[in-house]
Number of protein chains: 2
Amino acid sequence: MKRRRMKKDKVTINDIAKEAGVSKATVSRVLNNPEKVAETTRKRVLEVIQRRNYRPNPLARALTVRKTGVIGVIVSDISNPFYAVMVRSIEEVCRAYAYYVFLCNTDGREEEEEFYISSLIERRVDGIILGSVDLESKSFKRLEEAEIPFIFVSRLPRDREKYDYVMIDNVLGGYIATRYLLSLGHTRIAYLGGRWNTSSNLDRFEGYKKALQEAGIEIQKEYVLCGEFSMEGGYREGLRIIESGNNRPTAVFCANDAMAIGLLEACRERKVRVPEELSVIGFDDIPLSALGCIQLTTVSQSIASLGALSGKMIIDKITNVEKRNAKQQVVLPPKLVVRRTCARVSGEGGGNP
Amino acid sequence: MKRRRMKKDKVTINDIAKEAGVSKATVSRVLNNPEKVAETTRKRVLEVIQRRNYRPNPLARALTVRKTGVIGVIVSDISNPFYAVMVRSIEEVCRAYAYYVFLCNTDGREEEEEFYISSLIERRVDGIILGSVDLESKSFKRLEEAEIPFIFVSRLPRDREKYDYVMIDNVLGGYIATRYLLSLGHTRIAYLGGRWNTSSNLDRFEGYKKALQEAGIEIQKEYVLCGEFSMEGGYREGLRIIESGNNRPTAVFCANDAMAIGLLEACRERKVRVPEELSVIGFDDIPLSALGCIQLTTVSQSIASLGALSGKMIIDKITNVEKRNAKQQVVLPPKLVVRRTCARVSGEGGGNP
DNA sequence: ACTTATAATAAAACCGGTTTCAAAAAAAGC
DNA sequence: GCTTTTTTTGAAACCGGTTTTATTATAAGT
């Protein structure tokens with residue numbers, strides 16, 4: 001089975017050793033512990049390395065040093081702009097530190113998450129960023145056994161205090177959003193939530209409750225709906241809000257921008273004027289929200305920072321073994337960005353037909 | 001340097017061999033050439049493998065068989081929705097075939113492209129999907145030397161006939177778009193192009209020219225602008241179109257939807273009514289374009305198919321060595337989707353102030 | 001029954017590096 | 001100048017698999 005055509009394979013450490021007249025151990029040292037080899041030999045070996053344009057095979061290297069230089073990033077769907085910009089900045093910092101990223105989409109399905117996690121362990125990735133666990137997710141337990149560093153970003157599991165993460169202060173965000181609506185005179189405020197059993201949804205809801213309670217307003221069951229963190233989800237539940245009859249809310253706090261935009265779609269379709277008849281506020285501040293024809297008032301989180309910080313954090317955990325056991329938990333502040341979709345409540349009695 | 005705490009490391013092929021009372025060669029055969037090992041031993045070994053939950057180390061495996069099971073995907077920016085949905089479906093088919101994807105963003109910079117390509121070669125990826133080469137890009141030449149399969153998707157280099165690719169019929173798309181505007185009575189039609197030296201831009205422009213020539217309309221220099229394939233690009237050049245004075249076009253064919261939406265932004269800002277005063281048509285049909293408040297008329301390409309087909313194609317090239325040298329070139333048909341942003345031209349003389 | 005072909009397995013070499021250990025060379029000490 | 005310490009280097013073992021080659025057991029042929 002000789003290879004056809006004398007294909008010149010990559011130059012290996014043996015080639016270099018032979019050509020430089022040293023052992024391969026020495027070549028390896030020149031690359032990894034240059035101070036341990038004599039000036040003259042080092043130069044000679046280096047010259048050959050340069051001339052032959054030698055680069056060590058990362059696979060072989062990984063096999064012995066047990067570091068692959070790749071990290072796994074698990075999100076539910078990269079075509080969701082939130083994750084897209086997050087992953088973008090993760091990739092950016094990884095590149096700067098010579099790490100590669102394996103991109104994994106789970107579609108929010110636990111089986112896929114399990115599959116990817118065990119598969120990434122098998123592939124010996126150096127670390128994993130988990131971007132969309134459910135509150136009850138257990139799949140990451142295997143990472144603890146395998147002793148592979150991992151962090152959560154944006155969404156957290158139960159017992160968050162035991163893990164590393166970077167996220168935004170969601171309850172504060174929910175509080176800010178709701179307070180803002182209250183400040184505009186609204187009292188009938190709905191919560192349009194995303195996938196229920198996620199920390200981000202629950203935290204934001206927490207903030208919503210807190211603000212209402214402080215204002216002495218009781219939470220009404222009919223005013224809290226939940227669906228999926230997507231435009232379609234927002235549209236579907238949005239229709240139900242719109243058609244909720246003579247007790248319709250005057251404002252809606254949406255758990256994320258995608259849902260808010262879905263709701264806006266529903267409003268446009270049913271000729272409900274925003275913000276005159278219905279105020280809507282979102283969460284995330286995805287690029288889309290700034291668009292002229294949308295101008296969604298929202299609670300902004302710096303998605304890019306989220307990505308950059310989590311990239312930085314996982315690399316830190318990988319390289320600083322000492323820090324491995326020191327919990328790192330960063331929570332970013334949310335910020336209200338006022339645009340066009342919220343207005344002072346009109347008639348005190350509410351504006352229903 | 002003994003490892004602290006008796007950490008139980010992954011079970012290796014040696015463990016299995018010992019426990020089953022065979023040589024590691026036999027274990028390997030059980031996994032890779034089961035027919036070459038006797039029924040009884042096979043069963044015995046398999047039992048041990050199951051019981052110990054053994055999975056071969058992919059790194060070690062890759063080292064000898066020279067297949068890593070990962071493919072590189074190079075795009076300019078994953079946060080661009082076009083690439084996001086494309087990569088999404090690439091990842092999906094890869095997962096189905098047990099391949100992993102390395103995600104690489106180049107921001108359209110040739111240095112980054114070069115860096116990634118050589119770096120991916122070094123890492124021994126099995127194949128590469130190039131999602132955003134410039135027409136004059138040469139960086140992929142190294143892939144030919146390294147004999148790593150690669151295909152282009154969406155954007156092509158010069159000499160396209162020599163390479164494998166999957167893309168949409170861009171000149172047909174440009175032709176369709178322009179014909180549609182012509183059919184609405186427009187004669188002053190501008191071309192708002194993206195990054196100039198890309199095949200998609202040039203092809204779409206080609207289609208534009210063809211349609212105009214057929215209609216006996218001369219191409220006017222002032223009517224062809226080019227910027228970047230982004231909202232900002234569309235906005236910036238869009239302003240110039242809007243302010244182009246008494247010879248303003250009545251319709252604009254935008255090289256992609258992002259630019260079209262940027263142009264729409266500019267129109268909204270400058271109070272140019274679309275489609276009454278200006279018709280605009282885009283290209284791509286990204287999810288955003290269907291939004292109620294946008295409803296962009298556009299030339300649709302199935303971005304997901306683009307991704308799925310290219311994923312399929314690269315895997316095919318990797319696994320079917322025979323097919324390696326048979327060029328595969330698939331070009332998908334574009335489709336006009338009429339929404340809201342184009343109208344019959346108003347006053348024959350044009351509607352300028 | 002005795003070679004001969006064939007199937008099943010083990011031993012060894014290899015993939016391309018790193019690392020331990022021991023030997024050789026150079027520097028230091030007296 | 002000779003022993004002792006320190007540097008510098010090479011040989012060998014290892015990482016965890018696959019593959020070639022050699023060996024042994026079994027089946028087939030005459």
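Guide: A polar contact is a pair of N or O atoms within 3.5 Å; within protein, one atom must be able to donate a hydrogen and the other to accept it, and residues adjacent in sequence count only if both atoms are side-chain atoms. The model is predicted, so local features need pLDDT of at least 70 and side-chain atom pairs pLDDT 80 or more, while totals for chains, interfaces and linings use all residues; side-chain values use heavy atoms, without hydrogens and water. Residues are numbered from 1 along each chain as its sequence is written, with chains lettered from A and ligands numbered from 1 in the order written.

Visitor: What makes A:S28 a polar contact of DNA strand C?

Guide: The limit is 3.5 Å, so the pair counts. A backbone N or O atom of A:I13 also lies 2.6 Å from a phosphate oxygen of DNA strand C. The side chain of A:Y54 has an N or O atom 2.9 Å from a sugar or linking oxygen of DNA strand C.

Visitor: Which polar side-chain atoms lie close to a base nitrogen of DNA strand D?

Guide: One belongs to A:R29, at 3.0 Å from a base nitrogen. Another belongs to B:K24, at 2.9 Å from a base nitrogen. Both values are under the 3.5 Å limit, so both pairs are polar contacts.

Visitor: Why is B:I242 called buried?

Guide: B:I242 has 8% relative accessibility. Buried means under 20% relative accessible area, exposed over 50% and partly exposed in between, with a 1.4 Å probe and protein chains only, so B:I242 qualifies. Its place is in helix α10 (residues 231-242) of chain B; helices are DSSP runs of H or I with at least four residues, strands are E runs of at least two, and both are numbered from the N terminus.

Visitor: What does B:I242 touch, not counting residues up to four places away in sequence?

Guide: B:I242 touches B:R248, B:A266, B:C267, B:R270 and B:V272, where contact means heavy atoms within 4.5 Å. B:R270 is 28 residues from B:I242 in sequence and 8.0 Å away in space, C-alpha to C-alpha.

Visitor: How do you know that the buried residues of α1(A) are on the same side?

Guide: In helix α1 (residues 13-20) of chain A, the buried residues are A:I16, A:A17 and A:A20. They cover an arc of only 100 degrees around the axis, so they share one side of α1(A); the arc is that of the directions from the helix axis to the C-beta atoms. Their cover includes α2 (24-32) and α3 (39-52) of chain A.

Visitor: What caps the N-terminal end of α1(A)?

Guide: A:T12 does, with a side-chain oxygen 3.0 Å from the backbone nitrogen of A:N14.

Visitor: How does chain A compare with a compact globule of 353 residues?

Guide: Such a globule would have a radius of gyration near 20 Å, but chain A has 27 Å. The radius is taken over C-alpha atoms, and the globule rule is 2.2 Å times the number of residues to the power 0.38. The C-alpha trace of chain A spans about 90 × 45 × 35 Å along its principal axes.
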